[in-house]
Amino acid sequence: VQVGAPLLGVDENWQIVVCNQPAMALLGLEGSAPPIGKPLAQLTNHPILHLLMKADNPEQASRGQLTLPNGSSYSIHSTLVHGLGRVALMQNISEMKELDRIKSEFVAGISHDIRAPLTAILSYTELLERFGELNARQKSFLDNVRKSVSVITGLLSDLLAIGRIEAELARQHSLIDVEEIAYSVVDMLGNPAELREQKLSLEVQENLPEIMGNPYRLRQAFTNLVENALKYTPEGGDIKVELLSKDDQVVVCVSDNGIGISKEDQDHIFERNYRADNVLNSYDGLGMGLSLVKSIVEDHNGRIWVESTPGEGTRFTIVLPTYRDML
Ligand code: ADP
């Protein structure tokens with residue numbers, strides 16, 4: 001097949017029927033004979049390719065992303081071809097991904113950097129008025145300054161929201177390292193914990209398997225759980241994040257020694273807008289976090305549950321299947 005992009009096809013027995021030169025190069029097979037007739041598993045053990053090319057994958061078309069050891073990324077589009085099997089077309093997106101990363105970093109950085117001087121401008125407008133009477137004209141100029149600042153602040157929020165929406169949209173699942181995500185969450189929330197003299201620790205079992213998932217959304221889920229643990233634990237408390245693997249699953253535990261949740265409330269906290277009696281009047285919140293966490297975990301074919309004793313502490317456990325489980 002003469003196609004510039006890597007193209008790979010398997011029949012219903014998972015044997016290669018098409019593998020063009022670019023695909024051979026991608027799989028590190030340059031120079032060898034075309035692997036027609038060989039089983040896919042003999043050619044590559046890349047889980048994403050296996051998942052997308054699975055013989056009983058009922059989807060007409062599936063998409064995924066693959067990163068090679070040399071760092072280059074490919075988007076893969078696999079299609080069911082009746083009478084043949086599945087065909088995957090791959091497109092090198094390394095450059096696009098790098099540009100996207102640079103752009104996101106730039107937008108986030110700029111938005112952040114603009115905030116500080118804006119706050120300074122606002123506080124100087126207030127100071128001006130404190131140090132002497134201003135005439136009507138000067139006051140109206142100051143008003144204009146404030147209005148313009150608030151317009152920029154609004155634009156900035158939109159910009160940040162777009163960044164968030166983009167992250168939200170990044171729904172594609174890829175092979176991810178849960179430890180890396182947990183580490184970045186604990187790192188990000190280390191300061192708030194320190195301010196409250198709380199101990200926030202991360203314990204990770206060695207050789208944790210990777211899972212198929214969306215890193216943005218999992219990060220959001222872990223962040224919510226750890227933020228809750230910090231919020232509902234008094235100053236000086238202990239918050240622990242533990243990662244371990246069990247029966248081809250990755251287990252994530254977030255535990256605290258905070259105010260706890262009564263048995264009756266435990267049945268409802270994953271519902272949207274539900275907040276327990278012991279937090280209603282003393283802690284801010286909307287009751288949205290846990291319902292979001294639950295839907296993210298379920299999107300990853302995982303489970304979440306809570307164990308808690310009022311006055312002693314709470315432990316949330318998430319179990320996520322590894323990709324091997326999904327093959
Ligand atoms: P929010 O924290 O905004 O109220 P969530 O959906 O994140 O909303 O949590 C729902 C409820 O579950 C909380 O209002 C609180 O009653 C309870 N909760 C969640 N995490 C904890 C925790 N670590 N310790 C005690 N209670 C918790």
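Tutor: A residue counts as buried when its relative accessible area is under 20%, and as exposed when that value is over 50%, with partly exposed in between. The model considered here is predicted. With that cut-off in hand, asparagine 20 can be classed as buried, because its relative accessibility is 6%. This residue sits in the loop that runs between strand S2 (16–19) and helix H1 (21–26). Its side chain makes two polar contacts with the backbone. One is to the backbone oxygen of alanine 5, at 2.9 Å; in the other, a polar atom of the asparagine 20 side chain lies 3.0 Å from the backbone nitrogen of leucine 7.

Another loop, between strand S1 (7–10) and S2, holds tryptophan 14. At 21% relative accessibility, tryptophan 14 counts as partly exposed, because this value falls between the two cut-offs. Most residues other than glycine have a negative phi. Tryptophan 14, however, has a positive phi of about 70°. Glutamate 197 also has a positive phi, of about 55°, although it is not a glycine. Glutamate 197 belongs to the loop between helix H7 (190–195) and strand S7 (199–204), and with 62% relative accessibility it counts as exposed.

The largest nonpolar core has 36 residues, of which Phe222 and Phe316 touch the most other members. Elements giving two or more residues to this core include helix H6 (178–188), H8, strand S9 (238–246) and strand S12 (313–321). H8 gives the most, with seven residues. Apart from this core lies another, of 23 residues, among them Leu8, Cys19, Leu29 and Leu49. Beyond its neighbours within four places in sequence, phenylalanine 316 is in contact with residues including Leu225, Val252, Ile269, Leu290 and Trp305.

Helix H8 (residues 215–231) also packs against helix H11 (residues 289–299), at an angle of about 145° and with the axes 9 Å apart. The crossing of H8 past H11 is left-handed. On the H8 side, the residues that meet H11 include Arg217, Leu218, Ala221 and Leu225; on the H11 side, those that meet H8 include Leu290, Val293, Ile296 and Asp299. Sorted by class, this contact has seven nonpolar, five polar and two charged residues.

Technical notes. Residues are numbered from 1 along each chain as its sequence is written. This is a predicted model: local features need pLDDT of at least 70, side-chain atom pairs count only at pLDDT 80 or more; totals for chains, interfaces and linings use all residues. Side-chain values use heavy atoms; hydrogens and water are left out. Axes are lines fitted to C-alpha atoms, for helices over the stretch in contact, and angles run from 0 to 180 degrees between N-to-C directions. Helices (H or I, at least four residues) and strands (E, at least two) are DSSP runs, numbered from the N terminus. A crossing is left-handed if the near helix is turned anticlockwise from the far one by less than a right angle, and right-handed if clockwise. Contact means heavy atoms within 4.5 Å. Ala, Val, Leu, Ile, Met, Phe, Trp, Tyr, Cys and Pro count as nonpolar, Asp, Glu, Lys and Arg as charged, and the others, Gly among them, as polar. Buried means under 20% relative accessible area, exposed over 50%, partly exposed in between (1.4 Å probe, protein chains only). A polar contact is a pair of N or O atoms within 3.5 Å; within protein, one must be able to donate a hydrogen and the other to accept it, and residues adjacent in sequence count only if both atoms are side-chain atoms. A nonpolar core is a set of buried Ala, Val, Leu, Ile, Met, Phe, Trp, Tyr and Cys residues joined through side-chain atoms within 4.5 Å.
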